Amino acid sequence: MTTELATDNCSFEWLDVTDPTKEELQGIAQQYGLHPASVSDCLQPGHLPKYEQFTGYTFIILRVYMTTAHDEADTVQALTGKIAIFVSERFIITIHRKPWEPIHTIQQTYVHTNRCTSPFHVLNVLVRTGLHTFDEPAVAIDEQLDLYEKKVFLTVRKEPLLKGLYFMKQKLEVMRRLLLHTYDIVDKMDREETANAYTRDVRDLYIKQKSLYDSMYENATHLLNLYFNISAQRTNETMRVLTIFSVFFMPLTFIAGIYGMNFRYMPELEWRHGYPVVLGAMAVVVIVIFFWFRRKRWM
Amino acid sequence: MTTELATDNCSFEWLDVTDPTKEELQGIAQQYGLHPASVSDCLQPGHLPKYEQFTGYTFIILRVYMTTAHDEADTVQALTGKIAIFVSERFIITIHRKPWEPIHTIQQTYVHTNRCTSPFHVLNVLVRTGLHTFDEPAVAIDEQLDLYEKKVFLTVRKEPLLKGLYFMKQKLEVMRRLLLHTYDIVDKMDREETANAYTRDVRDLYIKQKSLYDSMYENATHLLNLYFNISAQRTNETMRVLTIFSVFFMPLTFIAGIYGMNFRYMPELEWRHGYPVVLGAMAVVVIVIFFWFRRKRWM
Amino acid sequence: MTTELATDNCSFEWLDVTDPTKEELQGIAQQYGLHPASVSDCLQPGHLPKYEQFTGYTFIILRVYMTTAHDEADTVQALTGKIAIFVSERFIITIHRKPWEPIHTIQQTYVHTNRCTSPFHVLNVLVRTGLHTFDEPAVAIDEQLDLYEKKVFLTVRKEPLLKGLYFMKQKLEVMRRLLLHTYDIVDKMDREETANAYTRDVRDLYIKQKSLYDSMYENATHLLNLYFNISAQRTNETMRVLTIFSVFFMPLTFIAGIYGMNFRYMPELEWRHGYPVVLGAMAVVVIVIFFWFRRKRWM
Amino acid sequence: MTTELATDNCSFEWLDVTDPTKEELQGIAQQYGLHPASVSDCLQPGHLPKYEQFTGYTFIILRVYMTTAHDEADTVQALTGKIAIFVSERFIITIHRKPWEPIHTIQQTYVHTNRCTSPFHVLNVLVRTGLHTFDEPAVAIDEQLDLYEKKVFLTVRKEPLLKGLYFMKQKLEVMRRLLLHTYDIVDKMDREETANAYTRDVRDLYIKQKSLYDSMYENATHLLNLYFNISAQRTNETMRVLTIFSVFFMPLTFIAGIYGMNFRYMPELEWRHGYPVVLGAMAVVVIVIFFWFRRKRWM
Amino acid sequence: MTTELATDNCSFEWLDVTDPTKEELQGIAQQYGLHPASVSDCLQPGHLPKYEQFTGYTFIILRVYMTTAHDEADTVQALTGKIAIFVSERFIITIHRKPWEPIHTIQQTYVHTNRCTSPFHVLNVLVRTGLHTFDEPAVAIDEQLDLYEKKVFLTVRKEPLLKGLYFMKQKLEVMRRLLLHTYDIVDKMDREETANAYTRDVRDLYIKQKSLYDSMYENATHLLNLYFNISAQRTNETMRVLTIFSVFFMPLTFIAGIYGMNFRYMPELEWRHGYPVVLGAMAVVVIVIFFWFRRKRWM
Ligand SMILES: [Mg+2]
Ligand SMILES: [Mg+2]
Ligand SMILES: [Mg+2]
Ligand SMILES: [Mg+2]
Ligand SMILES: [Mg+2]
Ligand SMILES: [Mg+2]
Ligand SMILES: [Mg+2]
Ligand SMILES: [Mg+2]
Ligand SMILES: [Mg+2]
Ligand SMILES: [Mg+2]
Ligand SMILES: [Mg+2]
Ligand SMILES: [Mg+2]
Ligand SMILES: [Mg+2]
Ligand SMILES: [Mg+2]
Ligand SMILES: [Mg+2]
Ligand SMILES: [Mg+2]
Ligand SMILES: [Mg+2]
Ligand SMILES: [Mg+2]
Ligand SMILES: [Mg+2]
Ligand SMILES: [Mg+2]
Ligand SMILES: [Mg+2]
Ligand SMILES: [Mg+2]
Ligand SMILES: [Mg+2]
Ligand SMILES: [Mg+2]
Ligand SMILES: [Mg+2]
Ligand SMILES: [Mg+2]
Ligand SMILES: [Mg+2]
Ligand SMILES: [Mg+2]
Ligand SMILES: [Mg+2]
Ligand SMILES: [Mg+2]
Ligand SMILES: [Mg+2]
């Protein structure tokens with residue numbers, strides 16, 4: 001589906017194409033003089049972000065976060081959608097498989113109102129909007145991290161925490177890498193000849209997003225390590241309880257076992273005070289062990 | 001075995017050589033004016049990818065994934081095959097020890113159909129095809145990773161998982177390194193003077209493959225760590241069960257041991273209600289321990 | 001709130017603006033010819049440090065440590081405050097949301113006393129002062145690290161240590177990253193054309209702070225690892241105690257159990273010296289195990 | 001000991017010096033116009049590889065693997081020997097403390113046969129030969145790694161494995177670093193002005209060796225981690241066996257203990273079927289625990 | 001305290017200043033035309049190494065290892081002392097708080113003997129000597145590492161090892177970082193215009209020291225990891241002993257417990273051969289378990 005988005009009083013054309021067939025694309029390519037290689041790039045759903053200068057036009061592939069991604073998504077294709085952009089002094093063409101809402105917002109705010117001054121200005125707004133799509137998952141992940149932090153320190157014994165953290169880390173890994181591949185676009189748009197306050201603004205945004213995702217990735221790594229280590233420490237505590245009980249009861253049970261033997265000739269068994277004496281001996285054992293544990297700082 | 005692959009109406013020669021002897025190679029070298037050093041490189045089976053400019057021709061060593069590799073293969077030589085390529089304005093020579101099917105596909109699609117315009121065009125197609133050989137193992141490894149992920153979270157207790165992940169990581173390590181060594185070829189072909197839409201396409205493909213293998217390597221590392229840590233957590237759980245049982249039964253067994261002693265003078269043994277009182281005392285011990293565990297959140 | 005800080009005998013203006021409204025900012029922007037993009041940057045509370053050259057003026061965003069941060073703060077915004085600075089040959093404008101005490105100290109020491117020679121000199125002093133705000137948390141964190149080190153080696157069994165170290169590491173991570181983003185400002189101020197002994201001084205200070213925070217981050221990482229590993233080693237020790245007790249008492253208790261059986265025909269029970277012989281056998285078991293442990297170096 | 005290795009029909013001199021005294025060295029230095037600083041470098045046994053251009057000659061320090069190194073050697077000096085080389089258009093001087101066999105092979109193959117064309121050709125052959133000395137330990141280490149891999153997966157319980165892997169990793173660390181320091185020599189010899197097919201060949205060899213050692217280092221690291229983690233998993237298995245036995249026998253032993261008590265009034269003891277009923281109860285306990293373990297997937 | 005170290009027949013002045021007051025420093029600064037910023041750097045005890053070019057002179061801050069550092073020292077200031085150096089064609093001024101012996105050795109060997117040719121030659125000797133101060137701690141740390149290695153493999157159970165390794169690693173971390181900061185000095189002294197055999201010598205020394213400290217740091221890291229892992233493996237061994245004993249004795253003790261029950265009707269107790277039959281049954285249990293352990297390779 002192809003829509004013309006630029007208004008009449010605009011000095012340029014903006015063609016927005018949703019889910020085109022190969023034939024539609026080739027038609028557009030012929031009309032605007034686009035290279036077949038670009039058309040083939042448009043058709044690859046998993047293509048990574050890039051900035052490519054052709055004679056007469058610039059070809060950009062942008063990847064933006066798509067909110068339809070399910071919880072365990074951890075590939076570039078599952079998490080993000082591709083926006084292919086052809087831009088020259090005269091026209092801008094945006095191509096995407098799924099409809100992308102912000103296109104219309106940009107048209108309303110920048111093109112209808114004549115705030116657009118050139119196709120490159122529209123490109124700049126598109127890239128900025130694309131980078132802003134990473135805001136929403138960042139907020140969600142950050143909240144999840146805070147929640148996980150709280151849970152980890154409460155030492156809740158729930159496995160979902162583990163799975164959640166694992167997939168969060170995978171997702172962050174992919175998104176960091178994607179931002180890395182996006183750098184080239186931001187840098188080329190903000191190169192000396194074409195830089196202006198708006199391209200620098202996009203660069204600022206890029207740096208902030210990269211820094212935020214790096215930070216969250218580090219945080220997820222730290223938290224995952226902490227989680228495992230805290231659970232190792234709990235083993236430690238469990239061991240200590242087991243050992244304390246065993247050390248107290250094994251000697252006592254052994255003593256009881258001794259006087260449970262059925263030998264005919266065991267003088268202690270006949271003594272008047274044999275029983276209380278043995279109980280006293282047991283008490284002594286308990287006290288000795290107690291102070292030994294105290295000295296070892298186990299109790 | 002040497003075959004001429006270029007058709008008559010081609011402006012260049014394409015010599016394809018399979019498993020040559022040293023003598024054959026030297027003959028070709030003499031005929032086309034190739035340097036003895038290149039001939040010696042052709043004869044080293046484990047040579048890494050490279051791009052070398054000689055006067056009059058370019059010498060490229062490409063390594064492509066070979067599907068014959070067994071499961072525990074983890075060296076450059078076991079996983080990949082070497083394609084040596086000599087290319088000039090007039091000729092292209094491809095040399096390989098094992099037959100490589102895609103050569104014929106390329107000949108059919110590009111040379112027979114006259115879509116080839118120059119030996120360098122054929123070179124570009126060869127490199128692209130070489131990079132595409134990494135698609136198949138990538139898909140296989142990705143599926144294996146998904147399978148392993150599922151198994152890890154199901155906490156299946158099978159050792160093969162471990163061995164499989166170890167060799168997968170080794171394999172990914174080698175293939176990442178190989179892609180790294182391949183970068184020079186892609187970069188030199190796409191240098192300013194010779195760059196065109198097709199060489200940039202190969203660069204895109206390279207970036208995608210590198211990113212994919214990096215991503216899978218990270219994923220394998222995370223999964224291996226997770227696997228070990230989950231198994232450590234299982235130890236934790238085992239410990240907890242052992243400790244709970246021990247803490248309950250050690251005091252009870254000790255009490256039973258006390259009244260199993262054979263002292264002549266043990267007043268409790270003679271009491272009418274000695275037995276039920278002791279059973280009651282045991283119940284109290286159980287209840288106290290139960291609430292203590294509750295407070296500790298162990299039960 | 002806007003204050004004029006430069007004195008009459010100064011050759012330039014210094015406008016200090018605290019917590020401005022959007023309208024105030026736009027008024028100032030119009031008066032001094034500032035670009036709308038800079039005004040929008042001023043309004044973003046979490047903006048990272050940057051240095052931007054406009055025609056006619058330079059725009060700097062500085063982030064300084066604010067002492068109001070609570071203990072578990074671990075984001076750029078929670079730990080630091082933003083100082084936006086516009087500087088030209090004729091004027092310097094400082095904009096911040098919260099009042100920042102050092103501004104007044106700088107005015108007293110450098111502007112009132114006429115030690116200021118230009119707005120760029122004031123800028124240099126501001127950046128240096130901003131970097132010095134990291135001194136205080138560095139001293140605090142360093143003391144905490146020393147304290148934690150002592151505690152770790154005393155093997156105190158307290159969980160707060162863990163939480164404290166985790167948040168310290170997060171904080172250090174954020175502050176290192178912030179210093180990294182600040183580098184561009186320091187480097188641009190100290191570029192060849194404008195470098196002087198004072199800008200080099202700021203560079204020295206930057207290097208020192210970066211090095212210090214890197215060092216503390218490494219230290220925190222080492223300490224956290226050590227802490228977990230020491231606690232794993234304590235598990236080791238606990239295990240050893242448990243095993244030693246079990247290995248001694250299990251055979252003894254078993255022997256006692258044997259002679260506690262009620263078989264009618266058990267010749268040993270009738271022997272005159274059955275009881276002492278069994279006690280002797282137990283002593284032999286103890287001695288054998290003792291020497292076995294000795295040889296294993298467990299006792 | 002100084003030997004003249006170049007034959008009469010050679011256009012240059014080749015002086016080979018074995019284990020020289022300081023005085024011998026100074027004599028040679030005076031005769032050939034060598035700088036005192038180079039002489040002092042020749043005398044330092046642990047000097048790292050370097051390439052230094054003097055007026056009139058080039059000074060190279062090469063380090064080659066020496067097969068006399070014992071198993072736990074892990075320093076540059078213990079693993080490798082130093083070859084100091086002075087080379088100009090007219091002469092090449094090789095200086096080493098221990099005799100180095102390959103010198104004579106090179107003389108036989110390249111100098112006697114007049115395949116040498118210049119001192120720089122000899123230098124190139126020397127560097128290539130030096131890099132090839134790393135082949136032998138690479139093969140040995142690779143075989144050891146394969147052996148260790150097999151042992152690790154067979155879960156053999158032998159400590160030498162650990163010590164062997166530790167020293168292997170140390171050795172690989174040192175050799176990787178040494179190769180890193182050797183890069184400068186290879187790169188300077190293969191610089192644009194002097195590059196030819198032979199210097200590029202040495203560069204290829206260098207890249208192969210570096211890649212091989214990097215790969216083996218990674219492999220050793222992975223294997224060491226795996227080894228520790230597998231041994232942690234074995235603890236897991238041990239724990240499970242202990243826990244299963246304890247959970248089965250602790251309740252049973254407790255029940256037996258109950259009916260081993262000597263209370264006068266214990267009605268069960270008098271029952272006709274008390275004994276078989278208790279045995280039946282024990283069987284029920286066993287069955288319940290068995291199905292509980294089944295559900296937990298521990299059996 | 002200020003001393004003139006250059007002799008009369010020297011073409012330059014060498015002023016050595018020990019522990020100067022601020023006033024002394026300002027006097028010297030005025031006399032030699034030094035910038036106030038340098039004076040302020042001289043007064044900061046923790047200043048990191050740097051190389052700064054002023055008009056008319058060069059200002060260097062060198063940090064050298066001071067042997068007075070105690071065992072747990074792990075900061076730049078505790079481990080090293082600062083030497084500030086001002087150098088021009090006419091003079092060299094060395095400033096330090098504590099007396100530094102090597103100054104006098106240099107004066108004796110290079111200045112008194114007229115081997116000095118210029119202040120920059122003296123500077124070169126000073127930097128070389130400063131780098132050589134790292135020899136002594138390197139030897140000490142290397143010996144300690146060898147000792148620790150031996151202890152780790154002897155599995156000695158001593159906690160000081162841990163503390164020692166931790167502080168050694170901290171120390172190595174600081175010293176590596178310091179060497180990193182020193183690189184700029186070495187590199188600037190050895191820049192193309194001023195490079196000679198002596199500055200290259202200092203660069204060699206720098207590379208050797210950096211490589212040595214990197215190597216020792218890696219070694220300490222490996223050893224620390226190994227230490228913890230070996231201690232985890234010991235837990236493994238302890239567990240195995242505990243489990244073996246438990247698995248043997250728990251069934252035996254249970255059987256003994258069965259026949260220790262006091263039921264009136266227990267036919268086995270009345271049998272003539274009840275006792276030896278039960279002992280036989282116990283022997284069978286022992287044999288079955290023994291072979292089960294054998295198959296599991298635990299015994
Ligand atoms: Mg990563
Ligand atoms: Mg990444
Ligand atoms: Mg960042
Ligand atoms: Mg990062
Ligand atoms: Mg980071
Ligand atoms: Mg980290
Ligand atoms: Mg963090
Ligand atoms: Mg690698
Ligand atoms: Mg990538
Ligand atoms: Mg990567
Ligand atoms: Mg990772
Ligand atoms: Mg990943
Ligand atoms: Mg890691
Ligand atoms: Mg970081
Ligand atoms: Mg640093
Ligand atoms: Mg660092
Ligand atoms: Mg570290
Ligand atoms: Mg540190
Ligand atoms: Mg390393
Ligand atoms: Mg290294
Ligand atoms: Mg490599
Ligand atoms: Mg590597
Ligand atoms: Mg690795
Ligand atoms: Mg590997
Ligand atoms: Mg470090
Ligand atoms: Mg460092
Ligand atoms: Mg190094
Ligand atoms: Mg290193
Ligand atoms: Mg390491
Ligand atoms: Mg090492
Ligand atoms: Mg680690």
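A salt bridge here is a side-chain nitrogen of Lys or Arg lying within 4 Å of a carboxyl oxygen of Asp or Glu. Please keep in mind that every view below shows a predicted model.

**View 1. A salt bridge links A:Lys296 to C:Glu237.** The closest N and O atoms of A:Lys296 and C:Glu237 are 3.3 Å apart, and the cut-off is 4 Å, so the pair qualifies. In total, four salt bridges are counted between chain A and chain C.

View 2. On the chain A side, 47 residues are in contact with 54 residues of chain C. Which residues of chain A lose the most area to chain C? They are A:Phe153, A:Phe263 and A:Tyr265, and together they make up 14% of what the chain A side buries.

**View 3. Two spans of chain A carry a transmembrane annotation in UniProt.** The record, an unreviewed entry, places the feature "transmembrane region" at residues 241-261 and 273-293 of chain A. In the model, residues 241-261 of chain A are 86% helix and 0% strand, with the end C-alpha atoms 30 Å apart. For residues 273-293 of chain A the figures are 95% helix and 0% strand, and here the end C-alpha atoms lie 30 Å apart.

**View 4. A rotation relates chain E to chain C.** Turning chain E by 72°, with 0.1 Å of shift along the axis, superposes it on chain C with an RMSD of 0.1 Å. This is the relation of a five-fold axis. The two copies use different surfaces, since 15% of the contact residues of chain E recur in chain C. Which residue of chain E comes closest to the rotation axis? That is E:Gly260, whose C-alpha is 4.7 Å from the axis.

**View 5. Six strands of chain B form an open, mixed sheet.** Follow the strands across the sheet in the order E1-E2-E6-E5-E4-E3. At the edges are strand E1 (2-4) and strand E3 (50-54) of chain B, each pairing on one side only. Neighbouring strands are turned against each other by 15° on average, direction ignored.

**View 6. Strands E4 and E5 of chain B run antiparallel.** Eight bridges join E4 (residues 57-65) to E5 (residues 80-87) in chain B. Within this pair, B:Tyr65 stands opposite B:Thr80 of E5(B). Helix H4 (residues 102-111) of chain B packs on the sheet and touches strand E2 (13-18) and strand E6 (91-96) of chain B. The direction of H4 makes about 165° with that of E2(B).

Note on methods: Residues numbered from 1 in each chain as written. Chains lettered and ligands numbered in written order. Predicted model: local features only at pLDDT ≥ 70, side-chain atom pairs only at ≥ 80, totals over all residues. Heavy atoms only, no water. UniProt positions renumbered as here; feature names shortened; annotations may be inferred. Helix = DSSP H or I, 4+ residues; strand = E, 2+ residues; numbered from the N terminus. Least-squares fit on C-alpha atoms with pLDDT ≥ 70 in both. Contact = heavy atoms within 4.5 Å. Pairing = 2+ DSSP bridges. Axes fitted to C-alpha atoms, helices over the stretch in contact; angles between N-to-C directions. Buried area = accessible area lost by both parts, 1.4 Å probe.
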